[in-house]
Amino acid sequence: MNIQFEEAPIARFVFGNTKFAWFWMVIRIFVGMQWIEAGWSKFTSDAWIGTQSGQALAGFVQGALSKTGGANPDVQGWYAAFLQNVVLPHASVWAYIVTYGELLIGVALIIGLFTGIAAFFGLFMNFNFLLAGAVSINPILLIIQLFLVLAWKTAGYRGLDRYVLLQLGTIWQPGILFEKMEERK
């Protein structure tokens with residue numbers, strides 16, 4: 001017996017109805033601007049991707065590593081090991097990844113291109129910042145981006161997703177371009 005449960009009507013309305021596209025567009029642009037602002041400050045800093053690339057990230061990692069002690073550490077041991085053994089030795093490379101990642105996420109969210117994917121990677125970055133003990137706006141952006149991931153169908157509807165996804169489709173449903181390619185075979 002195959003039992004399928006439908007989404008709750010309110011969830012279907014909020015996350016899947018194009019009437020909410022304007023709301024999600026405003027949210028998407030707000031989050032995108034946060035990423036652009038964060039990425040741009042790194043892009044224009046020599047300590048991130050300039051002549052001294054990686055120094056700022058190394059300082060951030062050292063600060064995170066200092067939060068690993070005590071009965072209730074802000075940074076868990078397993079994440080500290082990742083920072084110490086993977087990020088810190090290659091701080092310059094990671095600084096470029098973080099900087100360009102923030103800028104790409106911001107641009108994608110603002111123009112509404114691959115909104116769900118951009119929101120997922122933004123969520124992932126915020127999650128890593130939180131694991132490193134940096135609170136700031138990270139929990140707020142993490143929650144908002146979680147909702148953007150859930151609303152991916154309508155969050156990019158007032159953006160390029162409306163046109164690009166129609167052409168490309170998704171993994172589970174090919175778009176017009178791929179349907180045409182199948183017809184040619």
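**Pockets and salt bridges in a predicted model**

Student: What volume does the largest pocket have?

Tutor: A pocket is an open set of points on a 1 Å grid where a 1.4 Å probe fits, with protein on both sides within 12 Å along at least five of seven lines; lining residues have an atom within 4 Å of a point. The volume is the space filled by probe spheres set on the points; here it is about 830 Å³.

Student: Which residues are closest to the centre of the largest pocket?

Tutor: Its lining holds 37 residues. The elements giving two or more of them are α2, α4, α5, α6, α7 and α8 (helices are DSSP runs, H or I, of at least four residues). Closest to the centre are Trp 35, Val 98, Glu 102, Met 125 and Phe 129.

Student: Which element gives the largest share of the lining of the second largest pocket?

Tutor: The second largest pocket has a volume of about 290 Å³. Of its 16 lining residues, those closest to the centre include Trp 152, Leu 165 and Thr 170. At least two residues each come from α9 (152-155), α10 (161-168) and α11 (176-184). The largest share, 4 residues, is from α10.

Student: Are Lys 42 and Glu 102 buried or exposed?

Tutor: Their side chains meet in a salt bridge (Lys or Arg side-chain nitrogen within 4 Å of an Asp or Glu carboxyl oxygen), 3.2 Å from N to O. Lys 42 lies in helix α2 and Glu 102 in helix α6, 60 residues apart. On a scale where buried is under 20% relative accessible area, exposed over 50% and partly exposed in between (1.4 Å probe, protein chains only), both residues are buried.

Student: How far apart are the closest N and O atoms of Glu 6 and Arg 12?

Tutor: This pair also forms a salt bridge, and the structure holds 2. Glu 6 counts as exposed because its relative accessibility is 69%, while Arg 12, at 38%, is partly exposed. Their closest N and O atoms are separated by 3.8 Å.

Key:
Residues are numbered from 1 along each chain as its sequence is written. This is a predicted model: local features need pLDDT of at least 70, side-chain atom pairs count only at pLDDT 80 or more; totals for chains, interfaces and linings use all residues. Side-chain values use heavy atoms; hydrogens and water are left out.
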